[in-house]
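Biologist: Could you take me on a close look at one part of this protein, the aromatic rings and the nonpolar core? I would enjoy a connected account with the geometry included.

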Amino acid sequence: MYNNIMKGYFSGIENYSENDESTVVVSSLNSYDDVIIKNSIFENIIETNFKPFIFSDFMRLEIENTTFSNCYSSYGYLFEITNSNTEAYDRKISIKDSSFNYICSVFHGNENRFIISNSLFSNILKINSLPSLSDSKYSTFDISDTTFDDIILSSELFGEESQYTLNNIILNNIRINSKAIIYSFCTNLYINNLEAKNIKCIGDSGDTSFILFDSGEAENSFEIKNVIIKDSVSNGSFIKIIGNSNIVNISNSTVSNIKSYGPIIDNTSIKSKVTIENLNFNNNFNSNKFECGNIHFKNDVNLSVLNSNFTSNQCKSNGGVICFDDISKINANLTSNVFQKNKATNGGTIYLIDKVIENKVKMKNENENTNINTDHNVYMNNNTLKYNKADNFGGAIYYELNHEYSFKIENNEVLFNEAGILGGGVYSANSLNKFLFKGRVYQIRNNTVNSYLNNFSTKPSYIKLNTEIPNNTINLITGEYLSLHFTIYDGYNTVVEDITRYFSSLTLKIVLEETNKTNEDAIYALKGNTGTFTKGITSMCK
């Protein structure tokens, strides 16, 4: 049956059914009705009898050029529609050229197909826990050419267990006090041509985001294309990606002026294939000193970062742009990117650290007949890293690796970076793979520590005696002075000058031991046999 409402005007109405039917405007159960509402206005309708405006099973609903303004239902939703087997019966809900202002949540009911285009949702204040647009599960949403403006929420804008395709969307002045504005769980999420600005995620610390993508146990996809996100804040990671297995593509997009208490993009999925291409990532700030990176990866990640620009980003922790905190399970390809004017505590641009110590024996057995682990690779080609800064170590790059992997580093420029303690350009926290970048980059020069040239460095690795001792024999008489001079070096055989005195507590002590004891009553003693290093040198004169 067809029910058409054309050029209607509804205001101040309530449920008027003598049979107490569950609706204000239309009720249709098990009848497969088609309801079309065009060129109409619904305004100033405050329903207090716990009824939705439309209640139906198997309804095809079309709303076109219609306004809903100041419409509320104590039921919590304007429409409750459930369309099981929508593909078989071609049931869908279509909204076109319409506006929803000062309203409660719009849709309730599962297994629907929504097509929303050229519409406006604005001036919405939600203090309950219901999603603003819909809480529908197992549904699909195709939303295009639509604006969401001036919205304050205590829950999600979109429900979590449906598939969303967003195309040419504007999100402006949206504030949320919950997990996420866009929450996708166990399904795919596609976003194209979206502009988001003035987003405020003020939920629990570390547990609120603009987008939360949880792929669940099965593999699902998350795609962002042609997106601009700017001028926003979050009390947790801004975009959070979790789940067992997923595919993530971010391309032709801009992320700028975002401040979050955690990484701007945080991927802690167990297994993830990620491609970032043509991304402009500028002026972003991770203010959480306990979570590294503005872009963070962990666990088994296959990552490609291509043709992108990362400028003036800052992390209060480590990794001004990218942080890998489990490099043993990452295949990374960084090609044709520019990293400049980024800052962090360690690793002004990139921070790589391998903490999977418990897998050492297993990996040794797996690779005992090979020179490298071909499943775990890092490839860097044609990247520029310049004018980046680390408060402590690694002005451009900091790495600490506990295993051997395949690295291919070529045609890169590491220029004019600065560190506060060591490694103006590149710093290795251990001796394994210490020559990872040396001699492999196209240019590495003019990197400094407190204005002193320091392109490469590792932690102090060994101490060398500079005093010549002929035939390794020293003849002394009681009270005679022995002058010894020592120099401390890093893994690159470079003197650790330690301008900032960071290693001032490092002490060298000389002990006198008798190898062929001939006099049981003899007592031997050394004085002045301890020393600390100044500009990499210590001298003991007696």
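Modeller: Happy to! Buried residues account for 51% of the 542 residues in the protein. Please keep in mind that this is a predicted model. The protein has 52 strands and 2 helices. Of its contacts between residues at least 6 apart in sequence, 80% join residues at least 24 apart. About 24600 Å² of accessible surface belongs to the protein, and carbon and sulfur atoms hold 45% of that surface.

Now to the rings. A pair of aromatic rings is described by how far apart the centres are and by the angle of the planes. There are 21 aromatic pairs here. Take Phe68 and Phe79: their ring centres are 5.6 Å apart and their planes stand at 80 degrees, which is over 60, so this pair is edge-to-face. Phe68 sits in strand E8 (residues 67-73) and Phe79 in strand E9 (residues 77-82), so the pair ties together parts that are 11 residues apart in sequence. Phe68 and Phe79 are both buried.

Phe141 and Tyr164 give a stacked aromatic pair, with 4.7 Å from centre to centre and 15 degrees between the planes. Because Phe141 belongs to strand E15 (residues 140-153) and Tyr164 to strand E16 (residues 163-176), this pair ties together parts that are 23 residues apart in sequence. Phe141 and Tyr164 are buried as well. Both pairs have their members in one cluster linked by ring pairs, which includes Phe68, Phe79, Phe141 and Tyr164, along with Phe10, Phe42 and Phe100.

In soluble globular proteins, nonpolar side chains tend to be buried together. The largest nonpolar core here has 100 residues, and Phe79, Leu171 and Phe210 touch the most other members. Leaving aside residues up to four places away in sequence, Phe210 touches Leu171, Ala180, Ile181, Ile182, Ala196, Ile199, Cys201, Ile229 and Phe238. Another core lies apart from the largest one; it has 13 residues, including Cys292, Cys323, Tyr427 and Ala429.

Two further buried positions deserve a glance. Val426 is in strand E43 (residues 426-428), and it counts as buried because its relative accessibility is 0%. Beyond residues up to four places away in sequence, Ser105 touches Gly76, Tyr77, Leu78, Lys126, Leu130, Pro131 and Ser132.

Note on methods. Residues numbered from 1 in each chain as written. Predicted model: local features only at pLDDT ≥ 70, side-chain atom pairs only at ≥ 80, totals over all residues. Heavy atoms only, no water. Core = buried A, V, L, I, M, F, W, Y, C linked by side-chain atoms within 4.5 Å. Buried < 20%, exposed > 50% of the residue type's maximum accessible area, 1.4 Å probe, protein only. Contact = heavy atoms within 4.5 Å. Helix = DSSP H or I, 4+ residues; strand = E, 2+ residues; numbered from the N terminus. Areas by Shrake-Rupley, 256 points an atom, 1.4 Å probe, with all protein chains shown as cover. Phe/Tyr/Trp six-rings, centres within 6.5 Å; stacked < 30°, edge-to-face > 60°.
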